[in-house]
Amino acid sequence: MRIDIISVVPDLMQSFFAHSICKRAAQAGLVEVHLHDLHDYSTKKHKQIDDYPFGGGAGMVISVEPLSVCLDSLLEQRTYDEIIFFSPDGIVFKQGLANQLSLCENMIFICGHYKGIDERIREKYVTKEISIGDYVLSGGELAAAVCADAIIRLIPGAIGDEMSALTDSFQDGLLAPPVYTRPAKWNGMEVPEILRSGNDKKIEAWRHEQAVYRTQTRRPDLLESNE
Ligand code: ADE
């Protein structure tokens with residue numbers, strides 16, 4: 001998988017991709033993340049990338065030109081399965097979409113800033129608009145990092161135990177059950193006996209029961225819409 005991320009502040013994401021699961025996946029040759037600084041595609045003096053909005057109003061808008069130059073140069077080099085723009089007006093990112101995007105070979109992520117990007121870029125190039133929640137961030141970079149992390153960890157081999165991505169919360173529409181490690185007794189609190197019983201069938205049944213209970217008590221909405 002290859003992800004090209006276009007941003008006005010790529011440094012913000014540099015350290016994120018140089019650590020964590022993303023770094024391991026990159027080292028294993030499973031993913032390539034390329035950060036592009038939009039300023040490098042500006043043809044204006046002082047590498048300006050934004051301008052005042054037509055019709056007036058507060059804030060600046062990222063101009064068509066640096067974005068279209070950057071996108072055209074990427075599109076000339078390879079085909080992309082998705083060109084994603086991060087925005088609060090997008091569809092809300094959920095596990096189902098992460099699963100779907102983990103099957104893509106090449107994707108472009110566009111991070112907005114200021115008041116947004118010129119609408120014509122969204123019309124001409126963007127194939128999906130994604131929001132990570134009903135709140136406004138200062139830019140799309142954190143949203144892009146969140147989505148990249150959720151997607152990359154699903155690539156087979158990206159995390160040590162492949163099973164563990166499949167047993168994540170949400171993969172079966174349920175939150176994950178509680179987990180414990182040694183010591184079995186701590187501060188008067190004991191790990192449930194069943195987890196130490198060695199009876200795999202009973203353990204699986206207990207985990208499922210706990211997952212259902214957790215979901216019912218914390219996120220009953222998940223039981224209604226299994227997206
Ligand atoms: N850019 C600004 N706010 C955002 C959000 N909630 N999700 C995705 N991108 C954003």
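**Figure 1. Ser42 and its contacts in the predicted model.** Apart from neighbours within four places in sequence, Ser42 is in contact with Lys47, Gln48, Ile49 and Pro66; contact means heavy atoms within 4.5 Å. Ser42 sits in the loop between β2 (32-37) and β3 (50-51). Helices (H or I, at least four residues) and strands (E, at least two) are DSSP runs, numbered from the N terminus. The side chain of Ser42 reaches the backbone oxygen of Gln48 at 2.6 Å. This is listed as a polar contact, a pair of N or O atoms within 3.5 Å; within protein, one must be able to donate a hydrogen and the other to accept it, and residues adjacent in sequence count only if both atoms are side-chain atoms. Ser42 counts as buried because its relative accessibility is 15%. Buried means under 20% relative accessible area, exposed over 50%, and partly exposed in between (1.4 Å probe, protein chains only).

Two notes apply to every figure. Residues are numbered from 1 along each chain as its sequence is written, and side-chain values use heavy atoms, with hydrogens and water left out. The model is predicted: local features need pLDDT of at least 70, side-chain atom pairs count only at pLDDT 80 or more, and totals for chains, interfaces and linings use all residues.

**Figure 2. His36 in strand β2.** His36 has a relative accessible area of 11% and is therefore buried. Leaving aside neighbours within four places in sequence, His36 is in contact with Asp4, Ile5, Ile6, Ser7, Pro10, Tyr41, Cys70 and Leu74.

**Figure 3. Asp81 in the loop between α3 (64-77) and β5 (82-92).** Not counting residues up to four places away in sequence, Asp81 touches Cys104, Glu105 and Asn106. The side chain of Asp81 comes to 2.6 Å from the backbone nitrogen of Glu105. Asp81 and Leu101 are 20 residues apart in sequence, and their C-alpha atoms are 9.0 Å apart in space. With a relative accessible area of 40%, Asp81 is partly exposed.

**Figure 4. The salt bridge between Glu82 and Lys128.** A salt bridge is a side-chain nitrogen of Lys or Arg within 4 Å of a carboxyl oxygen of Asp or Glu. Side chains of opposite charge can pair when their charged atoms come close. The structure holds 11 salt bridges. In this one, the side chains of Glu82 and Lys128 meet at 3.1 Å, N to O. Glu82 lies in strand β5 and Lys128 in strand β7 (residues 128-131), so the pair ties together parts that are 46 residues apart in sequence. Glu82 and Lys128 are both buried.

**Figure 5. The salt bridge between Asp89 and Arg122.** The N to O distance between these side chains is 2.8 Å. Asp89 belongs to strand β5 and Arg122 to helix α5 (residues 119-124), so the pair ties together parts that are 33 residues apart in sequence. Asp89 is exposed, with a relative accessible area of 54%, whereas Arg122 counts as buried at 14% relative accessibility.

Figure 6. Arg196 is partly exposed, with a relative accessible area of 37%. Glu190 is also partly exposed, at 48%.

**Figure 7. A nonpolar surface patch made by Tyr135, Leu137 and Leu142.** The patch covers about 290 Å². Patches are made of residues with over 30% relative accessible area and no salt bridge: like charges are joined within 9 Å, and nonpolar side chains (Val, Leu, Ile, Met, Phe, Trp, Tyr) within 5 Å. Accessible areas come from the Shrake-Rupley method with a 1.4 Å probe; for residues, only the protein chains shown count as cover. Leu142 is in helix α6 (residues 141-152). Leu142 counts as exposed because its relative accessibility is 55%.
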